[in-house]
Amino acid sequence: MEVRSAHRSELDEVLELLGHWYNDRGDFFARYNHNDPRFRDELCLVARDGERLVSTVQIFDRAVNLDGQSVPMGGIGSVFTLEEYRHKGVASELMRLAVDTMVREGFEVSLLFADRLTFYNQFGWREIERKLSILAAAASLNVRDRFVIDSFETERDLAEIADDSSWVQRALQRDGRP
């Protein structure tokens, strides 16, 4: 079993693997690889058994604001292992590689949202109370010039997003909307 960063030539294969999760060839996950300007091959980790990718973990390169300071953060996501390789230590090897990679890359904190907390606890993650807030007037915030914050308007914005993202159309259809 080979555990390492993905090669550029393997990214479609990673999406095929993730497609087993939702039976959609990984279209849901493609936006994280193709549309994320901070995506880097070395942060997409894979386990290969011979000619077959069997597991993957992605580290999302982000920054979070902690006490008024921007801090590099590695978000863990797109964690998937083929059923026949589960409970054999494959995902654990990938998570150890993810931790080593985040240390090497200088991420000061890591974040993940998960149900299998005991699995992730063994690698150092701990549960925290989750509080969510919504900024209703986000468009009026005074932010740095490099950011543009605007409210989403269905009539103005939905068509453009739907043209680029078939996943939006599927989500709307699942919710019973055309």
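Trainee: In this predicted model, is Asp-61 buried or exposed?
Mentor: The model is a prediction. A residue counts as buried when its relative accessible area is under 20%. Asp-61 has a value of 12%, so the class is buried.

Trainee: With which residue does Asp-61 form a salt bridge?
Mentor: In general, side chains of opposite charge can pair when their charged atoms come close. For Asp-61, the closest N and O atoms of the pair are 3.2 Å apart, and the cut-off for a salt bridge is 4 Å. The partner of Asp-61 is Arg-38.

Trainee: How many residues apart in sequence are the parts that this pair ties together?
Mentor: Asp-61 belongs to strand 3, residues 52-66. Arg-38 lies in the loop between helix 2 and strand 2. The pair therefore ties together parts whose separation in sequence is 23 residues.

Trainee: Is Arg-38 buried, partly exposed or exposed?
Mentor: The partly exposed class lies between the buried limit of 20% and the exposed limit of 50%. Arg-38 has a relative accessible area of 40%.

Trainee: How far apart in space are Pro-37 and Asp-61, C-alpha to C-alpha?
Mentor: Pro-37 is placed in the loop between helix 2 and strand 2, and at 77% relative accessibility it counts as exposed. In sequence, Pro-37 and Asp-61 are 24 residues apart. Their C-alpha to C-alpha distance is 9.7 Å.

Trainee: Which residues are joined with Arg-40 into one salt-bridge network?
Mentor: Arg-40 forms a salt bridge with Glu-42, with the closest N and O atoms 3.3 Å apart. Arg-40 is partly exposed at 23% relative accessibility, and Glu-42 is partly exposed at 30%. Through salt bridges that share partners, Arg-40 is joined into one network with Arg-38, Glu-42, Asp-61, Arg-104 and Glu-105.

Trainee: How many salt bridges does a search of the whole structure find?
Mentor: The pairs discussed so far include Asp-61 with Arg-38 and Arg-40 with Glu-42. A search of the whole structure gives a total of 13.

Trainee: Arg-8 forms a salt bridge with Asp-41; how many residues apart in sequence are the parts tied together by that pair?
Mentor: The closest N and O atoms of Arg-8 and Asp-41 are 3.0 Å apart. Arg-8 lies in the loop between strand 1 (2-5) and helix 1, whereas Asp-41 lies in the loop between helix 2 and strand 2 (44-49). The parts are therefore separated in sequence by 33 residues.

Trainee: Of Arg-8 and Asp-41, which residue counts as buried?
Mentor: Arg-8 has a relative accessibility of 56%, and with the exposed limit at 50% it counts as exposed.

Trainee: Is Trp-125 buried or exposed?
Mentor: Phe-119 and Phe-123 are both buried. Tyr-120 is buried too, with a relative accessible area of 10%. Trp-125 has a relative accessibility of 10%, under the 20% limit, so its class is buried.

Trainee: Over the ring of which residue does the charged end of Arg-116 sit?
Mentor: The charged end of Arg-116 lies 4.5 Å from the ring centre, and the distance limit for such a contact is 6 Å. The ring belongs to Phe-119.

Trainee: Which element gives the most to the lining of the largest pocket?
Mentor: The largest pocket holds about 820 Å³ of space. Of its 30 lining residues, the closest to its centre are Trp-21, Ser-78, Val-79, Phe-80 and Tyr-120. Elements that give two or more residues to the lining include helix 1 (11-22), helix 3 (90-105) and helix 4 (117-121). The most, eight residues, comes from strand 4.

Terms used: Residues are numbered from 1 along each chain as its sequence is written. This is a predicted model: local features need pLDDT of at least 70, side-chain atom pairs count only at pLDDT 80 or more; totals for chains, interfaces and linings use all residues. Side-chain values use heavy atoms; hydrogens and water are left out. Buried means under 20% relative accessible area, exposed over 50%, partly exposed in between (1.4 Å probe, protein chains only). A charge sits over a ring if NZ of Lys or CZ of Arg is within 6 Å of the ring centre and within 35 degrees of the ring normal. On a 1 Å grid over the protein atoms alone, a cavity is a set of points where a 1.4 Å probe fits but cannot get out, and a pocket is an open set with protein on both sides within 12 Å along at least five of seven lines; lining residues have an atom within 4 Å of a point. Grid points are joined across faces, edges and corners, and a volume is the space filled by probe spheres set on the points. Helices (H or I, at least four residues) and strands (E, at least two) are DSSP runs, numbered from the N terminus. A salt bridge is a side-chain nitrogen of Lys or Arg within 4 Å of a carboxyl oxygen of Asp or Glu.
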